[in-house]
Amino acid sequence: MSENGRGQWQTRAGFIAAAAGSAIGLGNIWRFPFITGRYGGGAFVLVYILLLIFIGYPVMNSELLLGRKTQKNPVGAYKALAPGSPWIIVGFMGVLAGFVILSYYSVVAGWSLSYIFKSGAYMAAGSDAANIFVSSISSTFGGIFWHTLFMLLCIGIVYGGVENGIERWSKILMPVLLVLLLVLIVRSVTLPGAGEGLSFYLKPDFSAFSAEGFLAALGQVFFTLSLGMGCMITYGSYLKKDEDLPLDAKYVVSFDTIIALLAGFVIFPAVFAFGLEPAAGPGLTFITLPAVFSQMGAAGHIFGTIFFILLTVAALTSAISLLEVVAAYFIDEIKWNRKKATIGMGIAIWILGIFPSLGYSTLSNVKLIKGFDILDSFDFFANNILLPLGGMLIAIFIGWFWGTDKALEEANRGASTKLGASYSFLIKYVIPIAVFVVFLNSVGILG
Ligand code: PHE
């Protein structure tokens with residue numbers, strides 16, 4: 001505990017592991033490949049990487065420094081720096097986003113959890129793994145059961161507090177995930193017919209790229225780095241005052257990017273090798289990878305099982321951070337104790353999650369946005385609207401209201417390589433304008 005009685009990261013590696021643990025999750029392994037497939041492959045990847053560097057990295061620094069400066073949750077942070085102003089609404093939007101994202105995140109993580117026990121089924125089905133996925137998600141009881149179990153895990157860990165558990169878990173399990181991805185890549189790229197997938201993934205074809213793809217890339221940058229909703233404000237609030245913040249941000253962004261790019265190398269060669277559809281959407285990880293495992297002989301059982309354990313753990317370290325944002329708000333601002341905040345909000349989020357969970361069975365007729373099912377609609381609303389908006393507003397807040405000089409002072413305390421004029425320029429001009437233009441497009445898409 002720090003002197004103000006809030007949690008504090010024990011070690012530098014522990015913080016990086018926890019922040020990378022928040023960043024690395026379903027967004028990297030499940031979401032990145034499926035939206036890359038949906039929006040045209042290589043061109044999407046290229047735009048995504050540029051946006052990571054010029055928008056993701058500065059916003060990551062911004063959130064961490066606001067958190068460390070104020071030692072507060074997102075609502076408390078805006079309240080502390082801009083008392084009595086409407087900026088606090090941005091903080092509330094973040095808490096709302098955490099709420100909505102976790103509700104469906106837990107549903108998808110629940111699929112992953114259930115797949116830990118399904119190696120027998122998909123190994124037998126081989127390249128027909130699609131059937132197993134469809135029957136899993138369209139089981140009313142199954143969907144709710146796994147969603148419930150995952151939420152219980154998440155509540156249990158957040159209930160335990162900041163220092164214990166999260167740090168150690170993340171430090172051990174993240175490297176293991178990396179090794180497993182590497183093994184799977186070797187299997188995937190050596191499948192007959194893998195080359196077509198590699199060229200889809202690596203060769204930018206801008207004719208397949210659209211304004212909507214740009215919006216999706218930006219949404220993905222915020223989602224994958226856990227930005228735009230105050231998650232990194234909250235994690236930054238548990239940082240020591242002399243931590244090398246820009247360097248930590250660099251590590252987190254790099255690790256996150258590496259894992260996402262590696263996931264693409266597992267998925268796309270396999271998608272093409274098995275004649276599957278790269279634009280298959282949310283099912284990609286749960287249909288394609290099992291098909292790959294089934295090609296590995298008996299070892300497939302082991303790799304498949306371990307892979308889904310790790311995917312679940314990666315999801316768990318992200319889910320924890322989502323619940324932590326919501327909980328930190330109730331703890332700091334409403335003065336609930338940790339027990340009441342995590343259990344109460346965990347249950348509320350669990351209830352909301354029942355809707356996306358039923359979106360493939362009882363509620364399969366419900367289409368909300370653009371004909372997307374409930375889960376895809378929640379995902380679109382959070383990632384293409386709430387997160388970019390939150391990211392734009394934090395840039396405007398720092399650039400035009402609080403001041404980049406104060407931000408630089410906070411970020412650069414303890415920094416080996418200091419942030420400077422390019423940070424200020426990106427925060428003041430580039431990010432607000434770029435995100436605004438993209439955002440108008442997204443409203444256009446909705447209308
Ligand atoms: N970054 C996480 C992922 O990629 C998701 C997440 C988004 C977590 C926003 C926290 C906040 O899976």
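Helices (H or I, at least four residues) and strands (E, at least two) are DSSP runs, numbered from the N terminus. The model is predicted: local features need pLDDT of at least 70, side-chain atom pairs count only at pLDDT 80 or more, and totals for chains, interfaces and linings use all residues. Residues are numbered from 1 along each chain as its sequence is written, and side-chain values use heavy atoms, with hydrogens and water left out.

The largest pocket has a volume of about 270 Å³. A pocket is an open set of points, on a 1 Å grid over the protein atoms alone, with protein on both sides within 12 Å along at least five of seven lines; lining residues have an atom within 4 Å of a point. Grid points are joined across faces, edges and corners, and a volume is the space filled by probe spheres set on them. The pocket lining comprises 13 residues, with I24, M174, P175, L178 and F255 nearest the centre. Helices α1, α9 (166-189) and α13 (245-273) each give two or more residues to this lining. The largest share, 5 residues, comes from α9. By class, the lining has 11 nonpolar, 1 polar and 1 charged residues. Ala, Val, Leu, Ile, Met, Phe, Trp, Tyr, Cys and Pro count as nonpolar, Asp, Glu, Lys and Arg as charged, and the others, Gly among them, as polar.

The structure also holds 4 cavities of 30 Å³ or more. A cavity is a set of grid points where a 1.4 Å probe fits but cannot get out. The largest cavity contains about 130 Å³ of space. Its lining has 16 residues, and S22, Y105, F223, S226 and L322 are closest to the centre. At least two lining residues come from each of α1, α2, α5 (88-115), α11 and α15. The lining of this cavity has 9 nonpolar, 7 polar and no charged residues.

The ligand sits in the largest cavity, as more than half of its atoms lie within 2 Å of the grid points. Two or more residues of the shell around the ligand come from each of α1 (12-23), α2 (26-38), α11 (211-224) and α15 (299-332). The shell has 7 nonpolar, 8 polar and no charged residues. Of the 15 residues around the ligand (a heavy atom within 4 Å), A23, G27, Y105, F223 and S226 come nearest.

Polar contacts are pairs of N or O atoms within 3.5 Å. A polar side-chain atom of Y105 lies 2.5 Å from a ligand oxygen. A polar backbone atom of A23 is 2.9 Å from an oxygen atom of the ligand. A ligand nitrogen lies 2.8 Å from a backbone N or O atom of F223. The protein buries 100% of the 330 Å² that the ligand exposes when taken alone (Shrake-Rupley method, 1.4 Å probe).

Terms used. Polar contact = N/O pair within 3.5 Å; in protein donor to acceptor, adjacent residues only side chain to side chain.
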